[in-house]
Amino acid sequence: MVSFRFHLVSLVAVFLALGLGVLTGTTVLNRGIVTQLENNTNQLVETAGRLREEVRDLQRDVDVWQRFGSEVGTHLIEDRLVTQDAVLITQEGTDNAAIDRVRRGLETAGAEVRAVLSVDRRMAMAEAGDAQELARVLESEETDPNDLGEEAAAMLAARLTTGARGPDLLDRLLGSGFLLNRGPGLGLAALRDIGGPTQLVVIVAGGTTPPLIEPDRFLVPLVDELAGGGGLVSAGEGSTSVYPFVELLRSDTTLSRLVVTQDNVDELTGEVGLILALEDLVEDRRVGHYGVKGGVDGLIPALP
């Protein structure tokens, strides 16, 4: 007869054997997992090193192409607007990159930038007294802010299209803070040189934050009045603008046949495209719409 002690010893031996087997198997399994993880890590290190080299190569290529594009762009637009006067108009909150690109392009093309004027937030007439002050500046009896803004746009367009005659509206708008001077000094003599039927008016808006003044409140009516009065007018915005300006002009079937637009003036291609389009506008009143957004005729005007 097998004793209880024998059964107990046998059971203990079995459990010990199972424990040793599990321990041994686990050790072998863990070693395999560790080996696989080490191999994966080594492969990832090699891949990361290779990708870093590729990034360096690509960045070097990008730098070269950027330098090349900048130099070629200068050759494409250099001296295309010699003897041409221009006025650059924007509004507060517009991306500086777009404004700077346009101004640099005009100067590279040989144009004389007579003024850089920015529409101040006062033109939104959100503060008490702004509407009354603007009515006084315009010598208007209008009281509704929307109608008053359109009247101001129409009067400014007439001033820019015909030039200075009598008491200068530009001087009054600048003196009251509805317009700000962001360019060269503007004494009375310099103000008299602003405006005229052959002077380019380039209007730039757009930004990465909501506008201080909705474009359809002032800038769009300004473009409309300028174009309707026979002015040489173009409009541009940055490629990253979160609100439409150029799109509003392109969607107007009448206005779109009278103005030049470029929707990426914060980029080199937009700078080049705008200057080439302005040359077409000056030479034979040819208009077009260029850039990377909807409703364009191409990235830039076709070269002859």
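1. Seven strands form an open sheet in the order 3-2-1-4-5-6-7, and their pairing is mixed. Strand 3 (179-181) and strand 7 (289-290) stand at the edges; each has a single partner strand, so one side of each lacks a neighbour in the sheet. Please keep in mind as you look around that this is a predicted model.

2. In which sense do strand 4 and strand 5 pair? Strand 4 (residues 200-205) and strand 5 (residues 232-237) pair in the parallel sense, over six bridges. To find your place in this pair, look for Ile203, which stands opposite Ala235 in strand 5.

3. Helices come next. Helix 7 (residues 219-228) packs on the sheet, where it touches strand 1, strand 2, strand 4 and strand 5. The direction of helix 7 makes about 160 degrees with that of strand 4.

4. Which strands does helix 9 lie across? Helix 9 lies across strand 4, strand 5, strand 6 (260-262) and strand 7. Against strand 6, helix 9 runs at about 175 degrees.

5. On to the charged side chains. How many salt bridges does the structure hold? There are 13 salt bridges in the structure. One of them joins the side chains of Asp85 and Arg114, at 3.3 Å from N to O. Asp85 belongs to strand 1 (residues 85-91) and Arg114 to strand 2 (residues 112-119), so this pair ties together parts that are 29 residues apart in sequence.

6. Asp85, Arg114 and Asp193 are linked in a network of salt bridges. With a relative accessibility of 28%, Arg114 counts as partly exposed.

7. Another salt bridge joins the side chains of Asp130 and Arg122, with 3.1 Å from N to O. Is Asp130 buried or exposed? Asp130 counts as buried, because its relative accessibility is 7% and the cut-off for buried is under 20%.

8. A last pair to find is Asp284 and Arg286, whose side chains meet in a salt bridge of 3.4 Å, N to O. Asp284 is partly exposed at a relative accessible area of 43%, and Arg286 also counts as partly exposed, at 41% relative accessibility.

Methods:
Residues numbered from 1 in each chain as written. Predicted model: local features only at pLDDT ≥ 70, side-chain atom pairs only at ≥ 80, totals over all residues. Heavy atoms only, no water. Salt bridge = Lys/Arg side-chain N within 4 Å of Asp/Glu carboxyl O. Helix = DSSP H or I, 4+ residues; strand = E, 2+ residues; numbered from the N terminus. Buried < 20%, exposed > 50% of the residue type's maximum accessible area, 1.4 Å probe, protein only. Pairing = 2+ DSSP bridges. Contact = heavy atoms within 4.5 Å. Axes fitted to C-alpha atoms, helices over the stretch in contact; angles between N-to-C directions.
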